[in-house]
Amino acid sequence: MGVTDASTPHRGQSGVSPRTAFLLAQLGAAAADRFGERVSELGLTARDAGVLRVLGRTPGISQKDLAHRLGTVPSRLVALIDDLQARGLVERTRSEADRRNNELALTAEGERMLGELRVIAEAHQADVLAPLDPHEQQAFAALLGKLAGASGLSADGHPGYRRA
């Protein structure tokens, strides 16, 4: 039996280091922290950025549907939308189809901010994936998508919205 240390990780029965999930969690936390730092330069939080991204793709979405997409309850989303509206990034209008619902959309300033967010997100992704060659990046993205799907994670949801 050989000696194991940080440079020679113990391998489980599957031949995979038992630290793989831990390293994935560390990578996710580090990437999330760095993204948060980057968007804070625009005066936004990562949660703000997520809302703007979804509204940019689905103008007119109801608050209820937005909350569902983000994995939170509508009552937790109200303060976030209030703040974005007060800052001139989002507008609420009463739904013509169902007057009980508000429809959400980006304002012109919100569209401009979304453009800045896209630049930040692209640079962030490039930085996170920089150690991998293009083939490895594609393989990693495919495997990550498979793991996320098996865990029931959505492309729009994030644990941060549950704590909003």
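A nonpolar core is a set of buried Ala, Val, Leu, Ile, Met, Phe, Trp, Tyr and Cys residues joined through side-chain atoms within 4.5 Å; buried means under 20% relative accessible area, exposed over 50%, and partly exposed in between (1.4 Å probe, protein chains only). The model is predicted, so local features need pLDDT of at least 70 and side-chain atom pairs count only at pLDDT 80 or more, while totals for chains, interfaces and linings use all residues. Residues are numbered from 1 along each chain as its sequence is written, and side-chain values use heavy atoms, with hydrogens and water left out.

**Exercise 1.** Determine which residues of the largest nonpolar core touch the most other members.

*Solution.*
- Step 1. Of the 24 residues in this core, Val51, Leu52, Leu55, Leu66, Leu77 and Val90 touch the most other members.
- Step 2. Two or more residues each come from H1, helix H2 (46–57), H3, helix H4 (74–86), strand E3 (102–106) and helix H5 (108–129). Helices (H or I, at least four residues) and strands (E, at least two) are DSSP runs, numbered from the N terminus.
- Step 3. H2 supplies the largest share of the core, five residues.

**Exercise 2.** Explain why the buried residues of H3 lie on the same side of the helix.

*Solution.*
- Step 1. Helix H3 spans residues 63–70, and Gln63, Leu66, Ala67 and Leu70 are buried in it.
- Step 2. These residues lie on the same side of H3 because they cover an arc of only 100° around the axis, the arc being that of the directions from the helix axis to the C-beta atoms.
- Step 3. Lys64 and His68, on the other side of H3, are exposed.
- Step 4. Gly71 follows H3 and has a positive phi, near 80°.
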